[in-house]
Amino acid sequence: MAERAAGRAVGRVRPRTAAPTLRRERELLRSGHALVAGIDEVGRGSLAGPVTVGVVVVELSTRSAPVGLRDSKLLTPAAREALVPALQRWAPAWAVGHASAAEVDALGILRALRLAGTRALRQLPALPDLALLDGDYDWLNRPPAPPETACPALEAHVPVVTQIKGDLRCAAVAAASVLAKVERDALMTALDTEYPGYGWAGNKGYSAPEHLAALRQLGPCAQHRRSWRLPGVPQAARVASSPLAEQLDLLAAVDGADASAARQRGTGAELSERGA
């Protein structure tokens, strides 16, 4: 018991789990892909704040991941933060992208994930030949592309291979999860000072008891995802007073008026990028 407590105190991994490896990434690299990107998201189920996507690129010469790497959910905050410099030195390229709460409301969570992923990929010096995406759904390509006004399209298509429990098994995906988690946590801590009372420095916008109690007492703020069913918040308070209602109407009109134009990304809808 004392040993486990000491391990937590210095920021080690909480449970004992096998370290993720580059086995899957190297299989894909040896099949003809020069650059493979591990991709993971953070904040998908949060009630407030952005959804965040991390991208970590590896190549065949990339060495084994830094010691201590695990899926971000299995690491203490101190362990995650300590890993960031080592991960940034280890990866040939990496990036983190965000889609704001306003954009989640205007686009829906899957299109917002694609938007955040596109923003991350656009930061890289070169697009990967293949993306290894955590889970079993390709939200990087399958949802309709976000409007060009939110983010220009990628210069080339990036094919995706999905991997269930990729954040547990694949080092590049686990590294992406850590980078995304640390950056989003810092954003939520900063937003906690701008919107006090919700406890975001601790709960990071998720449905913790203190957050739900604050929602009932204070109501939602500009950083809440008002199109969602926020616990204890009447629908009128979620949507009618929201500055996003006009954006939602505009997006629906554009998508409904010309489906083909929406598929080609050139919708011209103007979206807020607050919090991105």
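## Starting at the end of α2

Let's begin with Gly32, which follows helix α2 and has a positive phi, near 120°. Helices (H or I, at least four residues) and strands (E, at least two) are DSSP runs here, numbered from the N terminus. The model is a predicted one, so local features need pLDDT of at least 70 and side-chain atom pairs count only at pLDDT 80 or more, while totals for chains, interfaces and linings use all residues. Residues are numbered from 1 along each chain as its sequence is written, and side-chain values use heavy atoms, with hydrogens and water left out.

## The fold in outline

The protein has 12 helices and 5 strands. Of its 276 residues, 51% count as buried; buried means under 20% relative accessible area, exposed over 50%, and partly exposed in between (1.4 Å probe, protein chains only).

In α2, Glu25, Leu28 and Leu29 are buried. These residues cover an arc of only 100° around the axis, which puts them on the same side of α2; the arc is that of the directions from the helix axis to the C-beta atoms. What covers the buried residues of α2 includes β1 (36-42), β2, β4 (130-134) and α7. On the face turned away from the buried side sit the exposed residues Arg23 and Arg30.

Helix α2 (residues 23-30) also holds both Glu27 and Arg24, 3 residues apart, about one turn of the helix. Their side chains meet in a salt bridge (3.1 Å, N to O). Glu27 is partly exposed at 44% relative accessibility, and Arg24 is partly exposed as well, at 27%.

## Salt bridges across the chain

How many salt bridges does a search of the whole structure find? It finds 7, where a salt bridge is a side-chain nitrogen of Lys or Arg within 4 Å of a carboxyl oxygen of Asp or Glu. Side chains of opposite charge can pair when their charged atoms come close.

One of these bridges joins Asp167 and Lys73, with the closest N and O atoms 3.1 Å apart. Asp167 lies in helix α6 (residues 166-169) and Lys73 in the loop between β2 (51-58) and α3 (77-90), so the pair ties together parts that are 94 residues apart in sequence. Asp167 is buried at 7% relative accessibility, whereas Lys73 is exposed at 57%. Another bridge pairs Asp185 with Arg80, the closest N and O atoms being 3.5 Å apart. This pair links distant parts of the chain, with Asp185 in helix α7 (residues 171-194) and Arg80 in helix α3, 105 residues apart. Asp185 is buried at 11% relative accessibility, and Arg80 is buried at 6%. Salt bridges that share partners also join Asp71, Lys73 and Asp167 into one network.

## His98 and its polar partners

His98 is found in strand β3 (residues 93-99) and is buried, with a relative accessible area of 9%. Which side chains does His98 join through polar contacts? One is Thr52, at 2.9 Å, and another is Glu183, at 2.8 Å. A polar contact is a pair of N or O atoms within 3.5 Å; within protein, one must be able to donate a hydrogen and the other to accept it, and residues adjacent in sequence count only if both atoms are side-chain atoms.

## Positive phi beyond glycine

Most residues other than glycine have a negative phi, and most peptide bonds are trans. Lys165 has a positive phi, near 60°. Lys165 lies in the loop between β5 (160-163) and α6 and is partly exposed at 48% relative accessibility. Lys204 also has a positive phi near 60°; its place is the loop between α8 (200-203) and α9 (209-218). Lys204 is buried, with a relative accessible area of 12%.

## Cysteines

The structure holds 0 disulfides, a disulfide being a pair of cysteine sulfur atoms within 2.5 Å. Cys151 is buried at 6% relative accessible area, and Cys170 is buried at 2%.

Key
Contact means heavy atoms within 4.5 Å.
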